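Trainee: I would like a close look at one part of this model, the ligand site. Please take me through it step by step.

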Amino acid sequence: MCGIVAYVGNKNVWPLLVEGLKRLEYRGYDSAGLAVVTPGGLKIARTVGRVSVLEAHVEQAAAGAYDAHLGIAHTRWATHGPPTEANAHPHTGKTKSGHTIALVHNGIIENYATLKKYLTEKGHVFTSQTDTEVLAKLTAELYDGDLERAVQAALREVTGAYAIAVVCDNEPHTLVCARKGSPLIVGIAEKSYIVASDASAIVSHTTQVITLDDYQVVKLCAGPNDRLATGDAAGGPWAVEFKTTTIDNVRVTRDVQELEFDLQQIELGGYRHFMLKEIMEQPESIRNCLRGRIDLRESRVVLGGLGKYTRELVRASRFLLVGQGTAFHAARIGEYLMEDLAKIPARAEYASEFRYRNPIIEDGTVAVAVSQSGETADTLAALREAKERGALAVGAVNVVGSSIARETDAGVYLHVGPEIGVASTKAFVGQVAVLTLLALYIGKRRYLSDDVIRNYLAHLERLPEHVANVLKQSNHIRECVERHVHRENWLFLGRGYNYPVALEGALKLKEISYIHAEGMPAAEMKHGPIALIDEGMPVVFVAPQGSQYDKVMSNIEEVRARGGKVIAVATEGDTKIHKYADAVFTVPDVPEALQPLVTVIPLQLVAYHAAVLRGHDVDKPRNLAKSVTVE
Ligand code: F6R
C-alpha cells in the first residue's frame, strides 16, 4: 500500500526521505516520488519502479540541487490511474499568489470527480489521473498565506480517507500533515520531526511519537529560531514546535507516546527474506504471544485487555468475527473455536461484505475484528458498523495503537512483533492463538472443566517446541515442492478446523508464487472441483488424526484414483497415510482445536519454497500491499 515519509529539521532531507521510503518498500508500491523545499524553490522527483530508481535520479542531479530541510516523499500503489511518473506523488497546485503546494496522500478521495470539475472551472490544469491531485489543487485554491489553514479548509470539503503531508514553497519551515482513516505517525526527534505512515520509517530516528485521530491536523515547524518567528530572517539556534488542531481549527492536545518497536526486530538477521525469517521465528513469536497469558496451575487464561468486559463476553449471545484475507481465515477458525470451546454461536464474515449488507446485530453480540495491521479499511469499517448497531467491539490486533486497536472496547494484542513480509505468516498463527485463548477464557466461565482447560493449556505451552519441530522439515518440503512447482493449478483440502487452514494454504501459494490454487472443504471436491483433477495435479490434504480423519482418507483415495498427486499434512506416527501420499509433512499430535496452529506451518513453507523456486521476489509480490487501507 502507499507509504508516506516527511521531514522537517536540521538535517539534509532527501537522504532521510529515501531511507524512509526504503523502509516502507515491504508494503508494496509501483512508483515513488519526493518534493523538497530548497532555498531556490520546490524541487520534485518522481519515478516509476523501485525507490532505488528515485534515489539514483536525485543523486544524478546537480550537486546540492535537492539539499533542503523540509520535504515529503511517497511510494504509490496504483488505484486511480496506472503506475506512471505523472500519476506518482507528490502532486502539486498553484496558489493564486503564484506559490506551489506539494502534497502526498494515502487513501482515497471519494468526491474527487466533483471537486475536479470545480477546480477545472477555476482554471487548474490537471496532469494526472489521480484523486490526490485534486486535493493538492484544492489546497492551493484555498491558500491565502497560511498552509495549515488551507489544508484544514480543503479537508473540510473532501469525503474519503486520507493521510497527507503537505508543503508550500512560501513556508520553508512548515510541514502540515493530517489524517482520517489512514495511519500517520509523527516522530519527535532532536531538532526535527519525521512523519510516516508506518512506524518502521521512524524508529531509526526516534521512539517518541504522537499519533493523530481522524480529522486532526498537525503543523510541524523547524528552523533557525528567529526564522520560525518571522518566517524569513536568518540565524539563531535551531528551534522546533508543533501544534495539533482539528480540520475545523479547534486546538487539540496530543500526548507524546513511546513507540514499542525495535529496529533490530525488523531487519533480516541473516535470512534471505522477511517471509522466511517470520516463518522461522514463529516459535519465538508464539512464545511472546502466549507470555503471561497461561496460568497452568490455576487452569486459567489471563487476558488483561478484556478485564471489565468479561461479563459481557461470557454472556454473549453471538460472536461475529470479521477480517480480510489471511485474517479472515483466522476468523473462520475463531468461529469453530467459539462454538466448540465457548459454546456460543459464532460466525466469521468478510468485513467488506458485512459492512454493506445491512446486518442484523442482536442484543449481546460481540464483534471481533481480526487484523495484523489494525488498519485494514474494510475491517475497521465493519467494526464501526457493528459497534454502531450495539455490538461490543473486541480486537485481535498486532499493531499496538493502530486504528482498530484504538476503536475497540477491549482487545487482545497478538504480540508477535512487526510483520514485514507481505504474505502474512506469524500474524496468522498469532491471530489463531489469541482466538484460542479467548475461547478458552470464555469457555472456562461457561462449560469447560478445569481438566479440559489444563489439557489445552499444557499443549499451548508446548506450541513453540511443536512448531520448531515442524520447521525442521523445511528442506524436505522444498524437495517435494521442487517436483510439483511447474504445475499451474493446485488444490488444498481440509475438514473441520483444517478447512480454513486449507483456505490459508491456497492463499499463501497464490499470492507469492502466482500459482493458481483453491482451498475448500475436502467433501466439497466431489461437488464439482473433482473435474479439475488430472494426471499429476498437486492436491494438498490437511489430514491430521482426528474425528474426520477417515473421511479425509476417502477423499485422498478419490484424488489418487484420478491421477492427482497427494501431498499430505499428517500427524507424526501416522504410517497409513504414507501409502497414499506422494509426500507427507508431519505435525505433532495435538487436540483438534489446536491443530491449525501446527498444520498451517508446512503450508507456509510450501508457498515460500514454491515462490523462491519460481524466482519471485517473495517480500515484494506483484500487485500486493502489506496493508490495504482503502476499500
Ligand atoms: C495475506 C495477507 C492479507 C492480509 C489482509 C488483512 O498474506 O497478508 O490477506 O491478511 O489484507 O490484513 P490485516 O491483518 O492487516 O487486517
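How far from an oxygen atom of the ligand does a backbone N or O atom of serine 424 lie?

Mentor: The distance is 2.8 Å, from a backbone N or O atom of serine 424 to an oxygen atom of the ligand. First, some ground rules. This is a predicted model, in which local features need pLDDT of at least 70 and side-chain atom pairs count only at pLDDT 80 or more, while totals for chains, interfaces and linings use all residues. Residues are numbered from 1 along each chain as its sequence is written, and side-chain values use heavy atoms, with hydrogens and water left out.

Now the backbone contacts. Valine 422 places a backbone N or O atom 3.3 Å from an oxygen atom of the ligand. For alanine 327, the corresponding distance is 3.5 Å. These are polar contacts: pairs of N or O atoms within 3.5 Å. Within protein, one atom must be able to donate a hydrogen and the other to accept it, and residues adjacent in sequence count only if both atoms are side-chain atoms.

Serine 424, at 2.8 Å, belongs to this set too. Taken alone, the ligand exposes 400 Å², and the protein buries 91% of that. Accessible areas come from the Shrake-Rupley method with a 1.4 Å probe; for residues, only the protein chains shown count as cover.

Next, the shell. There are 14 residues around the ligand, and Ser371, Gln372, Ser373, Thr376 and Glu511 come nearest. A residue counts as near if one of its heavy atoms lies within 4 Å. By class, the shell has three nonpolar, nine polar and two charged residues. Here Ala, Val, Leu, Ile, Met, Phe, Trp, Tyr, Cys and Pro count as nonpolar; Asp, Glu, Lys and Arg are charged; the others, Gly among them, are polar.

Where does the ligand sit? It sits in the second largest pocket. Helix H10 (325-342) and helix H18 (498-513) are the elements that give two or more residues to the shell around the ligand. H10 gives the most, with three residues. Helices (H or I, at least four residues) and strands (E, at least two) are DSSP runs, numbered from the N terminus.

A pocket is found on a 1 Å grid over the protein atoms alone, as an open set with protein on both sides within 12 Å along at least five of seven lines. Lining residues have an atom within 4 Å of a point. A molecule sits in a pocket if more than half of its atoms lie within 2 Å of its grid points.

About 500 Å³ of space lies in the second largest pocket. Of the 26 residues that line it, Gln324, Gly325, Thr326, Lys626 and Val628 are the closest to its centre. H10, strand E19 (365-371), helix H12 (377-388) and H18 each give two or more residues to this lining. H10 again has the largest share, three residues. The lining divides into nine nonpolar, 13 polar and four charged residues. For the volume, grid points are joined across faces, edges and corners, and the space filled by probe spheres set on the points is taken.

For context, look at the cavities. A cavity is a set of points where a 1.4 Å probe fits but cannot get out. The count comes to two cavities of 30 Å³ or more. The largest cavity has a volume of about 110 Å³. It has 14 lining residues, and Cys2, Thr79, His89, Gly107 and Asp131 are the closest to its centre. The second largest cavity has a volume of about 90 Å³. Its lining has 15 residues, with Arg495, Asn498, Pro544, Gln548 and Gln595 the closest to its centre.
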